[in-house]
Each structure stands twice: as structure tokens, then as C-alpha cells.
Amino acid sequence: MKKILVVDDNRESLYMLEQFLAGNGMAVSTAGNGAEALQKAAAAPPDLIITDILMPVMDGYMLCRKLKSDVKLRHIPLIFYSATYTTPQDEAFALSIGAERFITKPQDLNALIQIINEVLQQKQEATPETERPLGEEMEFFRQYNEILFNKLEKKIADLHQVNQTLQEEIAGHEKANRKMFESEAKYRLLVENSSEVVFIAQEGIIKFINRAAINLLGSSYEELTSNPFTDFIHPDDREMVLANHLRRLRGEAVPNIYTFRIITPKGIVRWVEIHAAIVPWQGKPATLNFLTDITERRQAHEALQASEKKYRELYDFLPIPVYEMDFSGNIISANRAIYETFRGTEEDLKRGFKGWDLLSPEEVEKSRNNIQELLKGKLIAGTEYKLRRLDGSVFPAIVISRVIYDNDKPVGLRGAIVDITERQQAEAQREASLEALRQSEHQQRIITDNIQDMVWLMDMNLHITWVSRSVTQVIGFTPEELSQVSLNKLLLPESYELVQQLMLEHLTNDNLANKDKAIIVNNEFGYYGKNGDPHWGEMSISLLRDAAGEPSGFLGVGRDITKRRQMEKALQETQKQLHDAYRLAKIGSWSWNIRDKSIIWSEELYRMTGLNNHAMSFSDTKHPQIYTHESWERLKEAVSHSLKTGEPLQLELEIERPRGGNRCLNWLGGVIYDNEGNITGMHGTAQDITERKLIESELQKTNLELACACKELGEKQDLVIQQEKMASIGMLAAGIAHEIKNPLAIILQGVNFLQTAIKDNSLLLDVVERLNSAVLRADIIVKGLLSYSRQNPLELTKQNVPALIDESLVLTEHEFRKNNLQLIKEYAPDLPDICVDGNQIKQVFVNVLLNGINAMSAGGTFTIMVSQIEDDNKRKFLEIIFRDTGHGIPADKINNIFDPFFTTKPIGNTGLGLSISRGIIDRHDGTISAESEAGRGTSIIIRLPVKL
């Protein structure tokens, strides 16, 4: 087993490489710098050394030089593996001082294994090295110093260039400000007088808003700009609007246009449509927003949707089959009843079948003839057919059909099917019942009790003497109860009056005396059920005579049609609602009749054009003088094109109103056909879009100029601020690059390791956790620098603080095990969730944890306590205390630990961790402080406000 010594000051990179090499059958030892590596190599010489270059105490170049100068160690091959020294000069120098290979991070680990095997093989074949002359030692230091000097010289040159550029930009800053002020005044005037709501939002606050917003929301400018803009958003929509706002500021893809509800201080709710875009504002990202009040449009749309839904439900639950079919015989729509009637399912309809398949073969020709008659404009009453179910059985039915037109063109048939099987059976049964009634009353009772129609007998005094079971089922009365109810109590008042009238008309003495004349009355009657609910039925009443031919009573046969009448009423209500919705939409309409040359406008269209509909009438030969010459020519051309091609008409026209003021109308129209397919005219709508066109034009121009000016000023301001900060942190640039590339290398190492370790084991789980830790580390480093320069906005969400601490502990658990530290967690019960940026708070926790771990020796104890407290003003906070048993911080330095670049750690640490942490906590309206005693440990106390 080959022994490999890995040297790197980055613990995560060191751990991942150690695990990967061990997984490939190698014995791995590690060191954190060159000096430690030399000691371990002297004590137990390895077969190969893999080392980073940039490390504290002793770097990789010096390690290589000392290794190759040692007679006992010079035979050990060395591979440089670096993310910082990556230039050809760096590689050439590394190879010149004795390194076998020079590899730049990140590197595919499978390729790294191949390189390691090649170097080990070359070692076996190599001859012993001779001692290098002293001149090479001098050349090493010359090149070593040259590399370091070149990097320092380049950094100084870069800083000089930055300062020179900064001076030039500052010189042009005042000029840009003056230009911006002039353009801003012009744009503000335009925006302030816009009828559309315009505002700019940043960090949850409205930074600018125009007069239209004040009118819409009913609040003052000070109220709108001093409170979070979510206060004016309906509670049910706040989370969605705020999420879209924050995601847009982060550069994520979100809809530019969407709708939501606002609520005024008086509690009035309005629907608005927002158009939003991201713009810079005072050096920070903000959103430019345009609001349009769409309340009335929304209400009309919702009413129309409800009406359509209601219509569809009525259609779907009709008790008789209803269908739509194209002229090729394809069933394109059907209600539920059709599946029951034809013994099929919705899947049968989706698979597709021809309407002709539902007809018996001998009926197909009859159907084709009826369709031809319908296309000629003739109305055909219900036609009786023999229809075939999907299982092959045949039944009689009456089919009622009408032609479906689309833009006045016939496209198919819409019809209803009435299964008359039961009716035919009922008619046959009724005939048999009547015959049996003449022969035997007993037989008549048996038959009538088994038919579905309601049957009843009444004597000449209008007292009910017998009813069928179906009567009891429909209205709830038993035969005994009905015999005690008078007719005027059973029938609705209007139906009782109708019965009296019919008695007078048909049951006169002359008619009663005429024994050969059959007296039958057919009508609709209303009656009460036992529970008091009204019912309606179709009734046929016949006069009964005894054997001598004398009137003996009445026989009634009928069917309850209550449900049918209810559906008819509901359908009428739906039609009324549709009509009202169209009226409330306030859309101007027009129609043109080619035959008589007449043109008809709606009231709304007269209002938009400023014409008096009572004082004028016009045709296509005498049109209103409202069109400009260009508009009139375009209109004639568009109409001519539609008449020739049948295509819809759509164009925007400028008109001149009689009282002045040009308007822009959007005209839509379509061609009208008669039953023979001849064009008879056109009809359509018109909408006044003048204000919208003006606002769109001005806003587009304004937005472009404002965005350019804001961008130019913002870039200059950002550059001034950023260059000032970069002057302070320039010396850390190399370290930052090193820190970024190492986590990226770890990611690649982890992915490759997972590709090789495909079986379940604890090692694989540990590697996955380390891989996640490395990704978070890379993100924390970048976000840390941005946070220090105040460039990252907070992403506030509801979080559980103990859970965030536990997630942070996962990232540092290896350090606890490695240093044999004891962890104690004391979380108070029932802690509330708070609203924080989870990632940034975890960054604070990880930084505090690592500081405490680094401060303790093996066997130390780290305690984490979380509790809820109140300050003197009764404000609630979560208090998080991180307490270590390390060496502590001297009293003269405790006040400096949160200053940028201050650190008590060895060289190589930036000293930004606690400074960044304080900035994060400050932006959460919290506090962070430290208590320490030299030799007895340190406590970091964080307090975060409890607010959601």
C-alpha cells in the first residue's frame, strides 16, 4: 500500500482528498503547512507528497526546496496542487526546483489518481539523485523572490490604476449629477401628471410615488412613503407580492405583469394590474412599478366566468343527452347523460367515434336528408330514430338538432336526444290499462301502480278517490291523506283557477250529454307537496263514464316536470347575467348591412366619438366626418380585405371629434354570412385607447431616458464607493481567490468520489455531508464580502433558530470530533419562530462556532444556549449564547474583535468574520456582543428581535 502525505492549510480540501485517496487503496497522512510536513516526512518517509503552495509558516515552494536539499528525503517525489499560483512562470519555477508535476485546482480526481500512479511508477524507474550545487540554491531564492516581487508589484500597479480611475470618475461625477438633476425634473413632471400609478419600491419601502397613486389609495404622500408598501396590499396577496418584489431584486425570473388586490385605509379593496421592472435607485437595486386599476374589468370577468360555469353545469346535468357534432360525424362535446344512454364512458368519446355509428344502418340516410334541410334554414321538429348503443342494443329516440354557426358559417350540429323507450312502453301500458279499466277495476289498479307516470281518479265532486304509487313518491301524500285534502288546498292558486275555467269550458251540459264525445284536457298544473314545496306537472285529464254512458269521474295521467322548469328558470337567469356582463363591460359596438348600406352604432361608440346619436344617421356612402384622411383610407382598405378573404378586421384609427381633440380607437370586426354563405355585412367593436397610447409612448421614452441616466449615475456612484472599499481590502484579493477555488475543487472531488463509492456505507454519508459543507463555505465566503460592502439584500423568511444552529453544527461537526470537544445544547422549550435571512444567520453561527473551536484545546467544552427574553420596553428577543472554554481574549482587545481586519489568529486569516457577522445582526435589528476572561473562555451573545 502506497503512503501519501497530503499538505494543505484548508481543512475541507485536506479531508476530501484524504478520503478519496484512502478509498483508492492508499495510506494517507496529512499536514497543515510545510514545516509540519517536513517533520512527518523525516519521521516516516512517504512514497509521495502532494502539497498546496500558499500556506502559513512554510509555503509549498520552500517545502519542496528543503525536501530536495535533504539527502534522506530528496528521493521522495512531490506534486504541487494549487489554486493560487497558476501562471506559466509559477509552474516553470515549481518544476525547476524539483517538483515532478504542477497541477492547478480544481482537477478531476480520476485524472489526479492517474497522475499519482505515473509519478510513483517513474520513481521506481529513476536513478538516485546527486547533490545539487550551491549555485542552484542561490538561483532558487532569486526566482522565489522574483515571483513574490512580481505579484506585489502587480498589486501596487493595480491599486495605482484604481486610484487614478477613481480621480477621473470623481471629476465627472458633478457633471453627471447636474445632467441627472435636469432630466429628473422633466421626468418627474411627466410621471406626476400621469393618470397611471407609478412608484419605485426598494427594501420594502416606497421611495417615490406619483399623484395618481395618492388618489387611488386615499393616503398622503408621507403615509405612503413612510410605511412598508405591504401595508396597502390585501393580506391574502402580501406574501405573493413581497416574494415577487424580492425575487426580482435578486435577479430571478418573475412575471413582469400580474394582478393582486390593494386595500385603502378606509377598507376599500381594489384589483390592480402591475407592470414591474428592476432599476437602480440611489446606488441600490429597486423596482419601477406601474399600476392599473382593473377592478371593474375583474368583476365583469368573474361574473362572466361564474355564468359560464353555471351554464356548463346546467348543460352537464341535463337529464337528457345533449351533444355537439361536426359535419364529419365526430362527437366534439357531450353531457353526462349521453354516456348513460349509450352505455359508454368519457374515454369512449376521447378515443373518438362517428355520430353515424350511433344510428341503425337504415336510419343514416334519413339523418343525412334532415341535415341538408337544416342547412337550408328549415326548422325540423324532433325526428324519431332507432339508435344503437355502444353494446349493440337498439332503442327508439327522438332527436332534435340545430345547426352550429361560427362567424355565420355552419360548422356542425347541436342536438338533444330523448329516449322514448319508456314513453312508448308507457303509452302501451296506458292503453292496456284503459282497456283493463273497462273490464276490471282490480286489474286497472295493478297496472297503474306499476307505471312511472302519475295516475289518479277523482269523482264528479272533485274529490280524489285513488292515486298511483308514483303520486305518493312525487308529492309525499298517501292515498288516504289525499282523499281528505280539498282540491283548492292541493293546487297552486293559479292552477286551481285554471281548473275551474276548464270545467266551465269543457264540462258544460251539452258536452256531458254527448256520450260519444271524449273530453280530454291537456295542460300544466301546479300543486303542493306534503312538505309544502310547489311542484309542476304535465297533466292529461279525461272524463270517465259509467256503463250507462253517464259521467262518473275523471282520470288523470301526468308527469312531474318540476326539475325541468327549475332548469329552464336557471338557464334564463344565466342568459340575463351574460347580458348584464356585456352591458357592464362598456364596449362600443357597430354593424354594417351591405344590402341597405346602413351602419348602426351603440351608445358607447357615439360617446367615444363625441357624436350625437339622436341627431344623425349615416351609411357607408354618407359616413360621419370624424376620420382623418389617412384613417379613412386605411379603414376602407381593411374592410375591403376582410370582405375578400373573410379574415377578421383589426386596426387602430385616429379620429377627429366635433368638439376637438383627436382620439385613437382600436377597431375589431368580422364578416357576417347568411345561410347560403353569402356575405351580408360586418359587425364588431371599438375601444378608445388614446390615453393608453399616450402614456405608453411617453413612459417608454421616459423609462428609457430615466433608466439610462439612473444607470449612468448609479454605475459612477457604485464605482466610487466600491473603489474606496477595494482600496482597503485589495491586499486580501489573492486570499479570496484561493478561498473561492478551494471549495470549487472540493465540489468536484466530492462528485468524483460519489461516482466511485456506489455502495451504502457510513463513509459515503460523511463525504456527502462534507460536500454540502464545502458548497455552503464557498457561498458564505462570497456573500460575506458582499455583506460587508452592504450589497446583499436580506431575504427574510420565517425560521426556527434552534434548527438553524443545528444546520450550522452539521458544517462544523468534523472540527468538534477532530479536536475531541464536548458540545452542550440548552434550548428553552416552545421557542417562537422569527423572521430572518436563514443563510446569513447561519453564516454568523458558523463563524462564531469556528472561532470558538479554534480558541480551545483538545477536551474543551462548547455550550450553546437559546432562550426568550424581554428588554425594559417589553420588546421580546431570542438570546443565543455561544460559550467556549478556550484561551479567552485580553481585556485590551475585546473591544476590537468586531472591527474589520482585526484578528488574533495566525497569518492567513482575513479578520472579516466577526465584522461581517455584526453587519448581518445589525441589519436584523439585533445586537451582538462578547464577554471574555483571559484563560477562562469567551461568550458571544446574539439577540434577535421576535417579530414575524
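**Close-up views of salt bridges and a sheet**

**View 1. E691 and its partner R663.** E691 is partly exposed, at 39% relative accessibility (buried means under 20% relative accessible area, exposed over 50%, partly exposed in between; 1.4 Å probe, protein chains only). This is a predicted model: local features need pLDDT of at least 70, side-chain atom pairs count only at pLDDT 80 or more, and totals for chains, interfaces and linings use all residues. Residues are numbered from 1 along each chain as its sequence is written, and side-chain values use heavy atoms, leaving out hydrogens and water. R663 is buried, at 15%. The two side chains form a salt bridge at 2.5 Å, N to O (a Lys or Arg side-chain nitrogen within 4 Å of an Asp or Glu carboxyl oxygen). R663 sits in strand β24 (residues 662-673) and E691 in helix α24 (residues 690-729), so the pair ties together parts 28 residues apart in sequence. Helices (H or I, at least four residues) and strands (E, at least two) are DSSP runs, numbered from the N terminus.

**View 2. The salt bridge of E879 and R943.** Their closest N and O atoms are 2.8 Å apart. E879 belongs to strand β30 (residues 876-883) and R943 to strand β32 (residues 937-945), so the contact ties together parts 64 residues apart in sequence. E879 is buried, at 13%. R943 is partly exposed, at 36%.

**View 3. An open sheet of five strands.** The order is β2-β1-β3-β4-β5, with parallel pairing (two strands pair if DSSP finds at least two bridges between them). β2 (27-31) and β5 (101-104) are the edge strands, each pairing on one side only. Three bridges join β3 (residues 48-51) to β4 (residues 78-82). I50 stands opposite I79 in β4.
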